[in-house]
Amino acid sequence: MSRGLTGRLFKGVLIVSLSIGFLTLAVLLVTVLRDGLPYLDLTLLTSPPSSDPSIAGARPAIIATLYIGVLLLLFVVPIGVFTAIYLEEYADRSRWYNKLLEINIQNLAAVPSIVYGILGLAFLVRGLGLGRVLLAGAMILTLLVLPTVIIAAREAIRSVPDSIRQGGYALGATQWQVVARQVLPAAIPGIATGSILALSRAIGETAPLIMIGAVTYISFDPTILGPFTALPIQIYSFLRLPQAEFKLLAAASIIVLLAILLTLNAFAILIRNRYRRTW
Amino acid sequence: MTTELTLRAPRRRIGEDVVKAVLGLCALISVATTVGIVVALFVPAYEFFREVSVVDFLTGKDWSPLFEPAHFGVLPLIAGTLLVTAIASAVAMPLGLGAAIYLSEYASPRGRGFLKPAFETLAGIPTIVFGYFALTFVTPLLRDLGIQVDIFNTLSAGLVMGVMLMPTVASLSEDAMGAVPRDLRDGAYALGSTKVQVATRVVVPAAVSGIVASFVLAISRAVGETMIVLVAMGQQPTLTFDPRQAAEAMTAFIAATGAGDVPTGSIEYKTIFAVGATLFVLTLVMNVFAIRLVRRYREVYE
């Protein structure tokens, strides 16, 4: 075989590999749109689930997902950013406990999500007696995406140049004044992007919420301390029903879920491009 | 930030100490999470193993915890997880590596800047959506192609999971290949190598620890994946290596049992934790291994 032919064959195989990923993504989106679009209407957005597919909707699940999103941001952003500040600005990296902290966060990022569900079931739902409530779901998703936020916030803080900090100290600022008034504001775009991406991961998570007990029939609008279901769980519930129409309702709900995720991701990209600074 | 310390005001400020304590407490939450996971898993798992012998658990071929008489052999669940992981790996590893070589060695910087994030959107699709796709598209497609699969089967779950994991392999492998110094490539070209030879005999071997790390991470994620196997593979713990049949993975068992209303403290409830602990140990070993490998290639080239 000539050299040129081998080269072209090899390149062809590589392009096919990459294309299989893109092709699957395209087929998946087309399938979901084809199945779901006829069922994507106001009924889906404003009605509770029902045993009759023609009037069934996902309203309680959509509202719960929005609640979870807001609670999650309220929990995860401060905890994640404070942890990142501690690790980047305060921690002495040569200490064993700070090294352990870093390894611990790396490992947590790779723990399967269902294991977080077990944690939630054992401690929040049964141990604390919180019950199968929306708050427990938001808390467990917070722990799930916390490592993502910490890692993103650390990178954002690290990219702020040291000259900014030294300038602050030269003017007599304390360490916290430097962090709070110089470093953090400069790191906000990176932190915001990371937080939004973490939020979109949490909103699409199903397995931990199944363990918390979100697979229930909910026909009323959820409250923070009440039983709940969420959009991915609603999709799972629709998929489990035998009638074919519910599969199409699942597809319609997937469109809603993907639309939310797409909006969040577009927002993240926008922030990154709009506020990106090169030092 | 140690060098600046001497520049700060000599007077000790209580507010600064309070801030540091609050920040440290936030950092402790992630440690508490790990401790919580270990306690939540291993205490009930220990109680489980006082009632069921470890040997019966690890070698038993019959898993029927909810029936009388109950059997607690975890092998059918492990076999289900292994089979779906093997299928997913057979898809994700070669295709992900191929995509990585293309992105690193063939794509122009502009092309890579566009293709890599676009490819990673695959990883951003919720797993329940992949489960839906496996159940309602891939399984019927396999039947149309003349492969006699059950409604729930390991094959379609594994194939879809493989595509889902392609970006995991491609991204990390591409990072490792990108870290291989230009000099190595130029040296090989100077000796008369073709582009294929440079890619396969220089860049891939030089990036091998990163590539292996991406493989290990993909396996770990396949083992821990829940929704695709729950929706498309089934909930039937039969010890089979026939990918056309329904089976049950460890994660699917945990989710299906956790969703039900098993009473706290019962042996059924404890099985969740015994299987969960097994899953946790399996994935932890792989993750630690992968993290070490990544650190190694970073040390060598960066």
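## Ground rules and confidence

This is a predicted model, in which local features need pLDDT of at least 70, side-chain atom pairs count only at pLDDT 80 or more, and totals for chains, interfaces and linings use all residues. Residues are numbered from 1 along each chain as its sequence is written, while chains are lettered from A and ligands numbered from 1 in the order in which they are written.

For the complex, the predictor gives an ipTM of 0.92 and a pTM of 0.92.

## Where the chains meet

On the chain B side, 69 residues are in contact (C-beta atoms, placed from the backbone, within 7 Å) with 71 residues of chain A. Helix α1 (residues 14-51) of chain B supplies the largest share of that side, 18 residues. Helices here are DSSP runs of H or I, at least four residues, numbered from the N terminus.

## A crossing pair

Helix α5 (residues 113-127) of chain A packs against α1(B) at about 75°, with the axes 9 Å apart. That makes α5(A) roughly perpendicular to α1(B), a label for angles of 65 to 115 degrees. Axes are lines fitted to C-alpha atoms over the stretch in contact, and angles run from 0 to 180 degrees between N-to-C directions.

From α5(A), V115(A), I118(A), L119(A), A122(A) and F123(A) meet G36(B), I37(B), A40(B) and L41(B) of α1(B).

## A bent helix

α3(A) bends by about 25° at V76(A), and P78(A), a proline, follows within four residues. The bend is the angle between axes fitted to the seven residues ending there and the seven starting there.

Key: Two residues are in contact if their C-beta atoms, placed from the backbone, lie within 7 Å. Helices (H or I, at least four residues) and strands (E, at least two) are DSSP runs, numbered from the N terminus. Angles under 35 degrees count as roughly parallel, over 145 as roughly antiparallel, 65 to 115 as roughly perpendicular and the rest as oblique.
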